[in-house]
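These are my notebook entries on a structure that I looked through element by element. The sequence and the coordinates come first, and my entries follow.

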Amino acid sequence: MGGGRTIDAVGMGWDLHRLEAGRPLILCNIPIPFEKGLLGHSDADVALHAVTDALLGAAGLGDIGEKFPPDDPKWAGSDSGRLLRMVLADVGRAGFQAANVDVTIVAERPKLRSYKPQMRQRLSELLDLPAERVNIKAKTAEGVDAVGRGEAIAAYAIVGLAKKC
Ligand code: MG
């Protein structure tokens, strides 16, 4: 699926979560061993939140905060992979399917290079896309700003949508 489709819409997403001791670190639905994790109402998977917002944006469906209000206890501790699948279903009902996704995760630590293949595979499963239509990039912030000081992790995503056949 997804190969060679005409892109009918694109969307972008951005997110940032604070790093805090005693929380699990989950990126693209993959648990990553680290001394800190991301703070948030859900599992705080900053990468999947960026992808979810990009999907919503491309389909003209608003943003993740409207869909899953952070003050609604229903979403506390949610698996962000489940939230993404719910949004993908909305995108499908709007007549679209994902065609490709490109994600940039900005983290000073831990080094994410060795986790990129797993993250790519998991994101391809979540989006019903072949792995070659999914790209994960890992960057640092060169020691500058809150991300560079290791206080937070940020993520950017761009998603292309194709009209459903
Ligand atoms: Mg978020």
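**Entry 1**

In which strand is the place of V10? I find V10 in strand β1. I note that this is a predicted model, in which local features need pLDDT of at least 70 and side-chain atom pairs count only at pLDDT 80 or more, while totals for chains, interfaces and linings use all residues. Residues are numbered from 1 along each chain as its sequence is written, and side-chain values use heavy atoms, with hydrogens and water left out.

For elements I follow the DSSP runs: helices are H or I with at least four residues, strands are E with at least two, and both are numbered from the N terminus. I looked up the exposure of V10 and found a relative accessible area of 58%, so V10 is exposed. My classes are buried for under 20% relative accessible area, exposed for over 50%, and partly exposed in between, with a 1.4 Å probe and protein chains only.

**Entry 1: pairing of β1**

I next looked up the partners of β1. Two strands pair if DSSP finds at least two bridges between them. Strand β1 covers residues 9-21 and runs antiparallel to strand β7, residues 152-163, with 10 bridges joining the two. Within this pairing, I record Y156 of β7 as the bridge partner of W14. Strand β4, residues 36-38, is also antiparallel to β1 and is joined to it by three bridges. There, K36 of β4 is the bridge partner of A21.

**Entry 2: nonpolar patch**

I then searched the surface for patches, which are made of residues with over 30% relative accessible area and no salt bridge; like charges are joined within 9 Å and nonpolar side chains (Val, Leu, Ile, Met, Phe, Trp, Tyr) within 5 Å. Accessible areas come from the Shrake-Rupley method with a 1.4 Å probe, and for residues only the protein chains shown count as cover. A nonpolar patch is formed by I7, V10, M12, W14, L16, Y156 and I158, with about 690 Å² of accessible area together. The elements that give two or more residues to this patch are β1 and β7. The most comes from β1, with four residues. W14 and Y156, both members of the patch, are the bridge partners that I recorded above.

**Entry 3: magnesium site**

Which residues coordinate the magnesium ion? I list D15 through OD, H17 through NE2 and H49 through ND1, at 2.0 to 2.2 Å. Donors here are N, O and S atoms within 2.8 Å of the metal (3.2 Å for Na, K and Ca), and sites may look incomplete because water is not among the atoms. Along the chain the donors follow the spacing D-x1-H-x31-H.

My search of the whole structure finds eight salt bridges, each being a side-chain nitrogen of Lys or Arg within 4 Å of a carboxyl oxygen of Asp or Glu. One of them joins R109 to E35, with the closest N and O atoms 2.9 Å apart. R109 lies in the loop between β5 and α4 (116-126) and E35 in the loop between β3 (30-31) and β4, so this pair ties together parts that are 74 residues apart in sequence. R109 is partly exposed at 47% relative accessibility.

A further salt bridge brings together D128 and R85, at 3.1 Å from N to O. D128 is partly exposed, at 36%, and R85 is partly exposed at 36%.

Is D90 buried or exposed? D90 counts as buried because its relative accessibility is 16%. I place D90 in helix α3, residues 80-93. A salt bridge joins D90 to R93, the closest N and O atoms being 2.6 Å apart. The two are three residues apart in helix α3 and therefore separated by about one helical turn. R93, by contrast, is exposed, with a relative accessible area of 65%.

K67 joins D90 and R93 in a network of salt bridges. Leaving aside neighbours within four places in sequence, I find D90 in contact (heavy atoms within 4.5 Å) with L61 and K67.
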